Amino acid sequence: MVAEAKKREIKEAHKRKKIMKERFKQEENIASAMVIWINEILPNWEVMRSTRRVRELWWQGLPPSVRGKVWSLAVGNELNITPELYEIFLSRAKERWKSFSETSSENDTEGVSVADREASLELIKLDISRTFPSLYIFQKGGPYHDVLHSILGAYTCYRPDVGYVQGMSFIAAVLILNLEEADAFIAFANLLNKPCQLAFFRVDHSMMLKYFATFEVFFEENLSKLFLHFKSYSLTPDIYLIDWIFTLYSKSLPLDLACRVWDVFCRDGEEFLFRTGLGILRLYEDILLQMDFIHIAQFLTKLPEDITSEKLFSCIAAIQMQNSTKKWTQVFASVMKDIKEGDKNNSPALKS
């Protein structure tokens, strides 16, 4: 028994040593990558961002110290939002919070009813309390509670046509952890203005269906056996993809891993969100093939907590985002065209 215990002890010591060695190597890699990003890439961003060397370095994950800056540059600011504009919408939000707490008898504003606005503000309060609860930094009394509340409130005033939608708090929270307040708002508003995010947050069913249809083309291409298994149970992508896309995986994956997904999403755009989804399905393919509808839905709604960056990114790398000779954007364009033609053929005017 003593000998067995001694063996276990030696084995554990070796394991700890290996983990420490890997961690040390990882820290060294991050430190050397940070120097390259700060001294070479960021000062020459426009010239270097699309080079093979930078893309490869980007794939390995951004050093935390430059992550926010790279995300901001990659997302861009097509909306031309300034910190001053953020302050204006934040002031409006604060006025509304004050007026809502005093009275609810206001006229409709900017085409959005008082009831809708109040519902939005109540939902923000509720959602903030459920945002990364284990970190205890966004909940009432936490250091980032007010910042998160401000960004979400300002956004509902900036985009009353979109308002607040559940899941937005996770996206804003990840940005707050990596950027200053005004920069986080600018990145948040621009990110939510991208076609995919806008389609999901506006709950544009027609566009969402097109994204799901495109996803299924690559699902069948890459994981045909699992694709047929899901089909046999009529398990459609909306059951698991909606939550993943709404929060850009920040609710579904461990935070450090979600940030690495965001890194490459900022590099590759919406395509990478769906490639990540296929990577997750590939990683757990053997397990999912043994499950029925209910168990698959439950499993994909709450992924295992021990999911690692190395394993997931290895699976993502194995996913080919090319169908025959068509890439994601071309397949998506074909789906759009097919659906439009289908709508024309089904229109009553054409049938009469």
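Leaving aside residues up to four places away in sequence, Thr 247 touches Gly 167, Phe 170, Ile 171, Ser 252 and Trp 262, where contact means heavy atoms within 4.5 Å. This is a predicted model, where local features need pLDDT of at least 70, side-chain atom pairs count only at pLDDT 80 or more, and totals for chains, interfaces and linings use all residues. Residues are numbered from 1 along each chain as its sequence is written, and side-chain values use heavy atoms, with hydrogens and water left out.

**Exercise 1.** Work out whether Thr 247 is buried or exposed.

*Solution.* Start with the place: Thr 247 is in the loop between α13 (238-246) and α14 (255-268). Helices here are DSSP runs (H or I, at least four residues; strands are E, at least two), numbered from the N terminus. Next, take its relative accessible area, 2%. Buried means under 20%, exposed over 50%, partly exposed in between (1.4 Å probe, protein chains only). So Thr 247 is buried.

**Exercise 2.** Describe how α11 and α12 pack.

*Solution.* Grab the angle first: α11 (residues 205-222) and α12 (residues 224-232) pack at about 125°, and their axes are 5 Å apart. Axes are lines fitted to C-alpha atoms, for helices over the stretch in contact, with angles from 0 to 180 degrees between N-to-C directions. Now classify: under 35 degrees is roughly parallel, over 145 roughly antiparallel, 65 to 115 roughly perpendicular, and the rest oblique. The pair is therefore oblique. Last, the contact: α11 brings Glu 216, Phe 219, Glu 220 and Asn 222, while α12 brings Ser 224, Leu 226, Phe 227, Phe 230 and Lys 231.
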